[in-house]
Amino acid sequence: MLRTIIIPLVVASAVLPARAGSCGESFPQSEGSKSGQLHVCVFDKNTGAPLANIEIRRAAGRSVAGTTDENGCAMVSVPAGEVTLELGGGAYPLVTGPSLTVATGSTAEALVELDLSGGPPSSELEGARVEAPEEFPEEVAKWGLLEGRVVHIVTEEPVEDASIFVRGQEVEALTDAQGRFSLKLPAGVHDVSAVHAQFSTMSVSNVEVKEDEATALTFEATPVGVELEAFEITAPRIEGSTVDLFAERQNSGAVSDVIGAEQISKAGDSDAAGALKRVTGVTIVDGKYVYVRGLGARYSATLLNGLNLPSPNPDRREVPLDMFPTAVIESVVIQKTYSPDMPAEFGGGVVQIRTKGYPDDLQLTLELSGAFETGTTFGKGQITADRGPTDWLGVDGGHRGISEELREATADRNLTEGSMFSEGYSKDELAQITRSMPSRWGVERQTLPPDAKVTLTVGDSFRIGELKLGFLLTGLYDNSWDLLQRRKKDLFLESEATKKLVALNDYRFDITTQEITTAGILAAGADFGEHHKIRSNTLLDRITADEVTRYAGFNYDSDADIRVLELSWDERMLFSQQVYGEHVFPSLWDFEVDWRYAYSLADGQMPDRRFVRQDFSESQQAWQLSTRPDGSGRIFGSVSDVVHDGGLDLKLPFQQWTGKTAFVKLGGAVTIKEREVDVRRFNYKFGSAITSSLDMLAQDPVELFVPENMTPDGLIMAEMTRSTDNSTGKQDVFAGYLMTELPLG
């Protein structure tokens, strides 16, 4: 039977020297005498911290029975009967406590609080005297299991080597590296305490342990020196908080940088690429592509929740990070050194994007924001005059698609003029196909409005017994404008002798871009107790850029001034469906199993990119349509990239020779990628009806590219698709790894 005696003592401040002694020593006893056990724990009354190296003696005795350890505790054997304690010794004055009675074969527990606040030595004591029963029950008919964790009250990190005591019971336990403990106890109500040298003592009363069942208990440890008032607050955990991410960076075995939602929110960044501009060792190219340590695309990889992502660009393998709005990001980790559990295709670094999970309570937010950009907002920009009904959503919807006549004509062959030596179409047929394509060359000036952004978030979680379910749905719409005016000058070295630089091309650009972002993410999950989690993330992200570009200036090839109008619509879409799970098995040495699978689709559409060139005629002192084969035309392009990615990781923690936690990790991954790029180029050819008339050549494109001029001897379209424009590819990766992390010091 274990009984507890709380003994508050008031003593003078002093430094206690370390002295040899062990908890296993006992008071001197005569042979054949009856004895019991006394478990003494000593704490600082003001801070609650356990006190080590405190000597435990019997009053008027000369030998030291025991010395408290780092947890402030000592177990000593004492003669049965009335016992008076003395604590202190060495340079510290001995303080005598009250008497207590220890019965034969029983164990008594004394929790001693020493006042080290200062003042003269004092022996004024207050105590309690508790009688213990004469007999100790050897058998208990009904048993239960108490399982729990000890975690840091702020960081929620596990607390290792915390001692767990149960009043009235002889059993005790130490927490492992995950802060977990397990005790077999008689069924009933118990008072449980947790003691650690770096934290204040924690106690929970009236913990009910049921027969043949496991009872869960969690202690939140407060560091020594932190005194909290008796009040309770309820607040949601901040995903991507600076504290959590700083701890993750400290505990990482690789060189990495971490930026979370909290930092991104304070900086006001709109996408992941903008947020990473402040990370050391990371270069942002073209405002969207991330290179780690200055290395190119082949040395970098991008993961979403640990899974590979495809690229929506036809000529690049990198994933543009401007496609990820910060509203859906929990954190971004940039790992700069290699580890076996990362994809082997990168040698410079990997960018890991983590999306937000579901909240613990109901969350409903609506955010409306606007932005004023100097030099753009309320400026005069250029926009296309012929716009589709769904352009405001960033969806073309077939408005700029290839006409049915042109699609059928180019389904199995190129759009070229036939001859006696090659198969093709007559000029009349080419003219008819050309007329089937609508004329969309109009551009108008208008005042550009401020940027506008809307974000809607709704989420909640609920329990069904031990099962916890939750979801988080986030939708975003962002409409932004950019007005850019710049100058580009290409130079070359005329000769080695003169070292003179000569201008090849000297252009001035006027570019207006409307960028529309629509994104949505649905995060759902199920928690089966504390050890099993399953998550599902569905991501749909679209970015559309409607761009009007005019540039004019000197052209070296023509030795004259030229001006060019380009109209482009670029849609990029990324869809990813992910399912992954995390499982911990405490009964198997905290064995961990993580699995994951994702289906991802990246799609890029570039419908009806139009360009027209005009040359300045010195003789006519007027701008005229360029009759070069590449002077005017239309381009239709698309890219599709599909990725199946799955993996399995097994992790087994163990204790190395100094008691620190190490682990062995084994895993495998399969990645299957299929990519298809389809580009069709059509240029305009000019017949004699156009080239022979200076008035026709001087017309504005809106007036020139009309069905009336698309005749066999006027304007007709011809295909100029290159052999390198279209491609298909497939990549299969099967990988496995075995690694260990072993602390040496």
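This is a predicted model: local features need pLDDT of at least 70, side-chain atom pairs count only at pLDDT 80 or more; totals for chains, interfaces and linings use all residues.
Residues are numbered from 1 along each chain as its sequence is written, and side-chain values use heavy atoms, with hydrogens and water left out.

I begin with the overall architecture. The protein chain contains 8 helices and 36 strands; these are DSSP runs numbered from the N terminus, helices being H or I of at least four residues and strands E of at least two. Of its 745 residues, 44% are buried, where buried means under 20% relative accessible area, exposed over 50%, and partly exposed in between (1.4 Å probe, protein chains only). Taking contacts (heavy atoms within 4.5 Å) between residues at least 6 apart in sequence, 72% join residues at least 24 apart.

I turn now to charged pairs. Side chains of opposite charge can pair when their charged atoms come close. A salt bridge requires a side-chain nitrogen of Lys or Arg within 4 Å of a carboxyl oxygen of Asp or Glu, and the whole structure holds 23 of them.

One of these joins R440 to D608, with the closest N and O atoms 3.2 Å apart. R440 sits in the loop between α5 (427-436) and β25 (443-447), whereas D608 belongs to strand β31 (residues 591-617), 168 residues apart. Are these two partners buried or exposed? R440 is buried at a relative accessible area of 7%, and D608 is buried at 0%. Both take part in a network of salt bridges that links D386, R440, D608, R610 and R634.

Another salt bridge pairs E674 with K730, the closest N and O atoms being 3.9 Å apart. E674 lies in strand β34 (residues 661-686) and K730 in strand β36, so the pair ties together parts 56 residues apart in sequence. E674 is partly exposed, with a relative accessible area of 43%, while K730 is exposed, at 57%.
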